[in-house]
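Trainee: I am new to this structure and would like to go through it with you step by step. Could we begin with the overall layout and then turn to the interior?

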Amino acid sequence: GDCFPCPRVGCPMMGHYADRFPEKLKREDQKYFLNTAADEPFATWRQKVFIKLSGVKKTRGDINLVFYDTLGHTKEYEIANGDLSQDEVYTKYIDVEINPKNTTKIEFLWNKAIFSLLWARLGAESVNIIHGADG
């Protein structure tokens, strides 16, 4: 619990994707982090998520994804929050604690702030999962 949050420049990574951050290897006297899941087998699967909103020019709220697996486990990840626009593509790498082979469903949650004290939860028309080098 003492490791995060990382500085704005990001955490030096260990593990499978460490070679994708050569500029971080040039820094000295730094802490290194290895992301793990909370439960056995402690593995996480890095996935790159792209989300593009439609039907609204600008709004305030947040976008989350909820992963479900075959054993009934769920895990929610925040993708974006604050001022959202249909003109932007929201991209984020997430370290998912649910094995892609055991994923049964991914739920898209868009919490739209209508007023500061009132929220409306909206859903996605479709969620496409593309398997590649990054999951």
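Trainee: How many helices and how many strands does the protein have?
Mentor: Bear in mind that this is a predicted model. Read along the sequence, the pattern is β-β-β-β-β-β, and the count that goes with it is zero helices and six strands.

Trainee: Which element gives the most to the largest nonpolar core?
Mentor: That core has 17 residues, and I51, L53, I63, L65 and F67 are those with the most contacts inside it. The elements that each supply two or more residues are β1 (45-52), β2 (58-69), β3 (74-85), β4 (89-96) and β5 (103-115). With four residues, the one that gives the most to this core is β3.

Trainee: Is N64 buried or exposed?
Mentor: N64 lies in strand β2. Residues under 20% relative accessible area are classed as buried, and N64 has a relative accessibility of 8%, so N64 counts as buried.

Trainee: Which residue's side chain does the side chain of N64 join in a polar contact of 2.8 Å?
Mentor: Setting aside neighbours within four places in sequence, N64 is in contact with E76, Y77, E78, I79, E107, F108, L109 and N111. From that set, the residue whose side chain is joined to that of N64 at 2.8 Å is E76.

Trainee: What percentage of the 135 residues in the protein is buried?
Mentor: The protein exposes about 9,700 Å², of which carbon and sulfur atoms supply 52%. Counted by residue, with buried meaning under 20% relative accessible area, the buried share of the 135 residues is 30%.

Note on methods:
Residues numbered from 1 in each chain as written. Predicted model: local features only at pLDDT ≥ 70, side-chain atom pairs only at ≥ 80, totals over all residues. Heavy atoms only, no water. Core = buried A, V, L, I, M, F, W, Y, C linked by side-chain atoms within 4.5 Å. Buried < 20%, exposed > 50% of the residue type's maximum accessible area, 1.4 Å probe, protein only. Polar contact = N/O pair within 3.5 Å; in protein donor to acceptor, adjacent residues only side chain to side chain. Contact = heavy atoms within 4.5 Å. Areas by Shrake-Rupley, 256 points an atom, 1.4 Å probe, with all protein chains shown as cover.
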